[in-house]
Amino acid sequence: MKTKLSVKNLYKIFGQHPDKALKLLDAGKDKDEIFDETGQAVGVQNASFDIKEGEIFVIMGLSGSGKSTIVRMLNRLIEPTQGQVLLDGVDIAKMNDEELRQIRLHKISMVFQSFALMPHLTVRENVSFGLGLAAEIEHAEQVKRADEALERVGLLANGDSFPSELSGGMQQRVGLARALCINPDVLLMDEAFSALDPLIRSEMQDELLRLQAEDRRTIVFISHDLDEAVRIGDRIAIMQDGVVVQVGTPDDIINSPANDYVRSFFRGVDISTVLSAKDLAQTQQPIIIQKQSTQCLNSALQQLQGADEHYGYVVDEQHQFVGVVSTDSIESAQQSNLLMGDAYLSSPDKILFDTPVSQLISAVAHAPCAPPVVDDSGKLIGVISKTLLLDALDRQETQNESR
Amino acid sequence: MSQDNAWAVPDDTQESDYLSAKSAQDERAYSLLEPFDVDGGIIPLDQGVDILIDAVVPVLRPVFQIMAQPIGWCLNAIEYTLLLIPAPLAIILLALIAWKLSTKKIAIGTGLGLLMVGLIGAWNEAMVTLSLVITSLFFCILIGLPIGIWLSRSDRALSIVRPILDAMQTTPAFVYLIPIVMLFSPGKVAGVVVTIIFAVPPMIRLTNLGIRQVPEDLIEAAKAFGTNRRQLLLKVQLPLAMPTIMAGVNQTLMLGLSMVVIASMIAVPGLGLMVLQGIGRNDIGIATVGGLGIVVLAIALDRITQHIGNQRA
């Protein structure tokens, strides 16, 4: 996938003398030492990451970790001290005021934690706010596009209301409609759902995923909530004290956290909802029986007995999963002169790769052997044994205890 | 006779003793223990100001006379219109304007108040005063709004202008009354200028305050969607600051009305002059008529502008 937005060696120093702080940073001093010495606050230091077109990129961190600063440097609500922000290869950090204004009018829009709707404008006027600033769009067109945006978030009927007449969730839908109305390439969402209560928040997350399925927009989402990040993020960047400590898919980060800070995010998080079948299945190699011909019952039996295993997983030439056999089922098939196809067991059933671990506990527990996991084309990825599942759940227990 | 002596002026010897004692004091050497006990002050500010005024007034007078022109035109136009319309019609028109700007109740109050002003025989004076106050307000907004906007954008400018505003509001009007008359000649225009000096500070202060009070997240959101400075001001800052700015308009009007009597000392006609004449002739009656007229105008204008401010909020 093409890179949409690229952040290169981005720094933000708050204060009158950023040069002094930059020098000390180069000398390897940390944030607190620099503040004591120069009075300059390091907001973000040496952040670099690429955001791909059409992905939801979540920047996560505790408050004060610089995540809100970094997102504001993407549209220069905060001026970067040093470094580049490349949108389609063009450096936003070097643009003059008018170029920057064009980017804000047409390319990048933003949704705010506090909603930040104009109280003196109606919902419709709020949504068309961005369009109204670009002189070239006629009023009738503005109204039409505002109504389209409102319809997408399900608030068409509230166009003439004032923001104060709406609930928090509805207000943030207006905020979302306002950002979508200019049809931006990049949508910045600064803790957009953090001010909402949990039920409305997950409703809004669904709404965002639904909208995202429709237009595959590039979204940069700031959050301090891991569940949210894992739920909506294609990739996650984790920030600590102004530094990006890890960038990766949710699975990468959960399975191999870069440091204790990253690990600490997952304490108390129910790993069984975060991990999916493929995360466990990949780790254990079962006995794979290649289904070559109908005359392979003998060789299959030998393969199983040679490995001292009771069960085998049969795949075809394309590595597509076909069925599970056991030494018993092969032997009984041989006695009755039957073919391989008759030796397959009725249980266990195959498991799809993206099934959350929490939903496969009973399937694994009740199966006679480890159930096979397949990807969306039916290829065998691996199996999940009871031992493996218990290990994974146990790892979470120990993490929670060590908190 | 002893009684006469008791009431008598102190005799000459005592008087001359007192004077000579004073003159003796004057001749005394400068003492660091009483460092400020010098006739005319160590820094002769009073003489300095006198010299400055004498030097500057002849030079600047023509300039100020030209500056006074628009004030004069505006004032005369409003006054002429108000006095041209027959009083009953004017009362109805003003009540209708009040209705349009505020509520029916306030409109009825305004009409009845004006009717009473007419009945007690202060109609023409009230209209003269009203035109003076409206002209002052117009120029206060014209001057105050841009300065307020400027101050809201620059902390440095605010720190410089703030003490000037303090001085404008606290310096007794009598101090600048004379220089103003020297520059503008006595009359209505000088009256408007004096009123502006006294009444413009709240307009400036509250415009500045209103704009600074616009929530930062709304400013940020507006910028994120690509507003330039002008759009930010016109579409976000001014509309959201409007209730506070209207409070400034209200304050400016009230201060303007309170200057009416002082302005009458430099030959400004109207209700203020009635009060001044009443005091001068020891005629409580006419002073009360003028005073009542001012109160009626003040209450009506206050209620109307307050309503506009609350409506916006």
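In chain A of this predicted model, four strands form an open sheet in the order β2-β1-β4-β5, and the pairing is antiparallel. The edges of this sheet are held by β2 (41-52) and β5 (90-91) of chain A, each of which has a single partner strand, so one side of each is left without a neighbour in the sheet.

- Chain A is divided into domain 1, which takes in 3-107 + 184-266, and domain 2, which takes in 279-394.
- The centres of domain 1 of chain A and domain 2 of chain A, taken over C-alpha atoms, are separated by 44 Å.

**Strand β8 of chain A**

- Six of the six residues of β8(A) are buried, so this strand is largely enclosed by the rest of the structure.
- In a regular strand the side chains alternate between the two faces of the sheet.
- In β8(A), Thr218(A), Val220(A) and Ile222(A) point one way, while Ile219(A), Phe221(A) and Ser223(A) point the other way, and all are buried.
- Strand β3 (residues 56-61) of chain A pairs with β8(A) in the parallel sense over five bridges, and here the bridge partner of Ile59(A) is Ile222(A).
- Strand β7 (residues 186-190) of chain A also pairs with β8(A) in the parallel sense over five bridges, with Leu187(A) standing opposite Ile219(A).

**Helix α9 of chain A**

- Helix α9 (residues 198-215) of chain A has 18 residues, which at 1.5 Å a residue should span 26 Å, and the end C-alpha atoms of this helix are 26 Å apart, which agrees.
- The buried residues of α9(A) are Arg201(A), Met204(A) and Leu208(A); because they cover an arc of only 60° around the axis, they lie on the same side of α9(A).
- The other side of α9(A) carries the exposed residues Leu199(A), Asp206(A), Leu209(A), Arg210(A), Ala213(A) and Glu214(A).
- The cover over the buried residues of α9(A) includes α8 (168-181) and α10 (226-232) of chain A.

**Two loop residues of chain A with positive phi**

- Most residues other than glycine have a negative phi, and most peptide bonds are trans.
- Arg216(A), which follows α9(A), has a positive phi near 40°, and Arg216(A) is found in the loop between α9 and β8 (218-223) of chain A.
- Arg216(A) counts as exposed, because there are 11 C-beta neighbours inside 10 Å.
- Asp241(A) is a residue other than glycine with a positive phi, near 50°, and it is found in the loop between β9 (235-240) and β10 (243-248) of chain A.
- Asp241(A) counts as partly exposed, because there are 17 C-beta neighbours inside 10 Å.

**The contact between chain A and chain B**

- The contact takes 15 residues from chain A and 14 residues from chain B.
- On the side of chain B that touches chain A, the elements that give two or more residues are α10 (216-224) and α11 (229-258) of chain B.
- The largest share of this side of chain B comes from α10(B), with six residues.
- Sorted by class, the side of chain B that touches chain A has seven nonpolar, four polar and three charged residues.
- The buried residues of α10(B) are Leu218(B), Ala221(B), Ala222(B), Lys223(B) and Ala224(B), and these buried residues pack against α4 (97-106) and β6 (108-111) of chain A together with α11 of chain B.
- Just after α10(B) comes Gly226(B), which takes a positive phi of about 95°.

**Met67 of chain B**

- Met67(B) is found in helix α3 (residues 45-84) of chain B, and it counts as partly exposed, with 14 other C-beta atoms within 10 Å.
- Between Met67(B) and His307(B) there is a separation of 240 residues in sequence and of 34 Å in space, C-alpha to C-alpha.

Conventions
Residues numbered from 1 in each chain as written. Chains lettered and ligands numbered in written order. Predicted model: local features only at pLDDT ≥ 70, side-chain atom pairs only at ≥ 80, totals over all residues. Contact = placed C-beta atoms within 7 Å. Nonpolar A, V, L, I, M, F, W, Y, C, P; charged D, E, K, R; others polar. Expected span 1.5 Å × (residues − 1). Buried ≥ 20, exposed ≤ 12 C-beta atoms within 10 Å, placed from the backbone. Arc of directions from axis to C-beta. Domains from an automatic or database assignment. Pairing = 2+ DSSP bridges.
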